Number of protein chains: 2
Amino acid sequence: MSKQCAILFGGVSYEHEISIVSAIALKDVLDMPISYIFCDKHREFYLISTKEITSKLFSSGAYKKSPKLTLKNGGFFQKSLMKEKKLDFDFLLNVVHGGDGEDGVLASMLTFFNVPFIGPRTDAGVLSFNKLYTKLYAQSIGVETVDYEVLKKGAYKISLSYPVIIKPLRLGSSIGVSIVRSEGELEYALDVAYEFDDEVLVEPFIEGVKEYNVAGCKAGEFILSMVEEPQKEEFLDFDKKYLDFSRTSRVQAADIDAYLEENLKKTFQTVYGKLFEGALIRCDFFVVDGKILLNEINPIPGSMANYLFDDFSEVLKALSKYLPKEKIIAIDYQYIHSIQQAKGK
Amino acid sequence: MSKQCAILFGGVSYEHEISIVSAIALKDVLDMPISYIFCDKHREFYLISTKEITSKLFSSGAYKKSPKLTLKNGGFFQKSLMKEKKLDFDFLLNVVHGGDGEDGVLASMLTFFNVPFIGPRTDAGVLSFNKLYTKLYAQSIGVETVDYEVLKKGAYKISLSYPVIIKPLRLGSSIGVSIVRSEGELEYALDVAYEFDDEVLVEPFIEGVKEYNVAGCKAGEFILSMVEEPQKEEFLDFDKKYLDFSRTSRVQAADIDAYLEENLKKTFQTVYGKLFEGALIRCDFFVVDGKILLNEINPIPGSMANYLFDDFSEVLKALSKYLPKEKIIAIDYQYIHSIQQAKGK
């Protein structure tokens, strides 16, 4: 029987709109029935008709006429006249980019309420959403990254040499990111980044650096995508990245030798480790002087990086069979019983 | 007017029972009305009568006769005949020790549904619940810790010298912890720890090490407790620690010089940083050769470390005025509008 999937999208974040774009892009990609679950800016959930889904449905506010859903033990429920009906799906795909989705918040809720989902778990979200924690994590698993320093709101002095790239510590999608070539441009760029976060990451900007993306997941064995060398002009600004989130057409594999390809894929597997089990992630790597550096982990990549895989639906179906299970913890009140006995109660 | 507080306790974790003990201990400590919210092993919420709360209520299963609560936008709701009633409180105190409480899961849910709460936020939970991440965090803020190595299930070789202390990577309360004095004892101790987690932390066991605890929070300014030198026989096993969670009587301040006291408090503040805003935490430090090492961060300490403060209720009330607020993110569909215009739709 064909699997059914739910796609959770929206959320309260700067990436709310690109989440909508990602979700819609998947409609033409997946060869299975989809239930769309929208989280609006008031954090109410709506069941969106797959036939009627368009970006305008959300920008116009018309989505509010859709049935509301409640997330509770076991799944999402829709009120009908006399009782509640549970929304039926085999697994949920978390496509909420940025806040709520990638920071571990929705992962926590889905875990708590025992909803089977594809996406980063709480800890994986926290470690990849915050670019400093990603650096610390990479270091702990022996994966190299670009140099960095972290500035806190109010700080305007850097110790790295120009040019540098400035990023809000907790955002994806190039929002608030600037390249700074000289001290004169620094203050403005920092102010832009501080708009989005109280802390910013400063890294050397490496002119013309070779960049490679690999996506994948662990479904028993690893399933890895082709290696892509993303096209870029300097770096993608938000408008271009926005369009990037609607990508569904396949790309060319990067023209690299087998040795580099193998090493990129090996590094991907090290990054994925145990932490990202249950998620389909994309890692963006730099190659500098033959060394592989981890640039970024996208635990919920734009349009789920579907365009990097030969058969994306099959990847999701395989992964859905290997979602992490919660450890079963026996709560038996053994200690309370023994203390009560000791007290003679 | 007097503040009202809700105490959230229970949760699905190995520390379910000590959370009950902690919650009950607070009844005699707080000088304000308390609403008790219990999260049972099925992750259902119950409103427990403050008059009737005893450990037996839970071990006997009698709590199930209490009214059920639903967590949703804005708070916890109780069904009455015709409509739902919102549970009234000024702030909630998260006293769910271990899983659900300290791993960021309930923090995520309270954040998502906009419930004002005292406790670690999602990221603070994830970084302190996992002892490896605590090490990485400490390193990033320049705070020293004890040496360590991490073993994964199936590994039985260590490189540190004996004696060592073995801890499950993601548990508090001394559960699954052993001191190992020679190779002959290693396998058994590791098997015990692997019962609770697939990864374990190994640290040198420092005989007779000086240990000091400091609790506190940031309510505008820092409010710090006295410094305690916990009494110990080797280390507390679970039974003793269990009783420790019911502590309400004040302790003696540690007999240390002003210089060490100041440095312990300064280190506490560095650890607390921005990450733990909204939480009342306890840091356990070692002092070795005059150096302060961070041993552990308890983001939800047993009975909230109430016994370390002169006026615990005042501390909570002060902190409740400085709970982190979510950044307001305008969701205005600016990009979707502009793309629709570009398409001439």
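Is B:Asn114 buried or exposed? In this predicted model, for which local features need pLDDT of at least 70, side-chain atom pairs count only at pLDDT 80 or more, and totals for chains, interfaces and linings use all residues, residues are numbered from 1 along each chain as its sequence is written. Chains are lettered from A and ligands numbered from 1 in the order in which they are written, and side-chain values use heavy atoms, with hydrogens and water left out.

B:Asn114 is exposed, with a relative accessible area of 59%. Here, buried means under 20% relative accessible area, exposed means over 50%, and partly exposed covers the values in between (1.4 Å probe, protein chains only). The residue is found in the loop between α3 and β8 (117-118) of chain B. Helices (H or I, at least four residues) and strands (E, at least two) are DSSP runs, numbered from the N terminus. Phi of B:Asn114 is near 65°, which is a positive value in a residue other than glycine. In chain A, A:Asn114 lies in the loop between α3 (105-112) and β8 (117-118). Its phi is likewise positive, near 65°, and A:Asn114 counts as exposed at 58% relative accessibility.

The backbone also contains cis peptide bonds. One runs from A:Tyr162 to A:Pro163, with omega near -5°, and A:Pro163 is found in the loop between β9 and β10 (164-168) of chain A. Another joins B:Tyr162 and B:Pro163, where omega is about -5°. B:Pro163 is located in the loop between β9 (149-152) and β10 (164-168) of chain B.

The relation between the chains was examined next. Two copies of a chain are related by a rotation about an axis and a shift along it. Chain B is superposed on chain A by a rotation of 180° with 0.0 Å of shift along the axis, and the RMSD is 0.0 Å. That is the relation of a two-fold axis. The superposition was made by least squares on the C-alpha atoms of residues with pLDDT of at least 70 in both copies. Of the interface residues of chain B, 100% are also interface residues in chain A, so the copies meet through the same surface.

The second largest pocket holds about 1,600 Å³ of space. It is lined by 48 residues, and the closest to its centre are A:Arg170, A:Asp197, B:Arg121, B:Asp123 and B:Lys274. Elements giving two or more residues to this lining are α4 (122-129), α5 (131-140) and β9 (149-152) of chain A, together with α3 (105-112), α4 (122-129) and α5 (131-140) of chain B. The largest share, 3 residues, comes from α5(A). By type, the lining residues divide into 23 nonpolar, 10 polar and 15 charged. In this division, Ala, Val, Leu, Ile, Met, Phe, Trp, Tyr, Cys and Pro count as nonpolar, Asp, Glu, Lys and Arg as charged, and the others, Gly among them, as polar. A pocket is an open set of points on a 1 Å grid over the protein atoms alone, where a 1.4 Å probe fits, with protein on both sides within 12 Å along at least five of seven lines; lining residues have an atom within 4 Å of a point. Grid points are joined across faces, edges and corners, and a volume is the space filled by probe spheres set on the points.

B:Ile297 is found in strand β16 (residues 291-298) of chain B and is buried at 4% relative accessibility. Not counting residues up to four places away in sequence, B:Ile297 touches B:Ser128, B:Thr134, B:Tyr137, B:Val271, B:Phe276, B:Ile281 and B:Arg282. B:Ile297 and B:Ile281 are 16 residues apart in sequence, and their C-alpha atoms are 7.1 Å apart in space.

A:Lys317, in helix α9 (residues 312-320) of chain A, is also buried, with a relative accessible area of 15%. Beyond four places in sequence, A:Lys317 touches A:Lys3, A:Asp31 and A:Met32. A:Lys317 and A:Lys3 are 314 residues apart in sequence and 7.4 Å apart in space, C-alpha to C-alpha.

A disulfide is counted for a pair of cysteine sulfur atoms within 2.5 Å, and the count over all chains is 0. The sulfur of A:Cys283 is 12 Å from the closest cysteine sulfur, in A:Cys217, too far for a bond.

Methods
Contact = heavy atoms within 4.5 Å.
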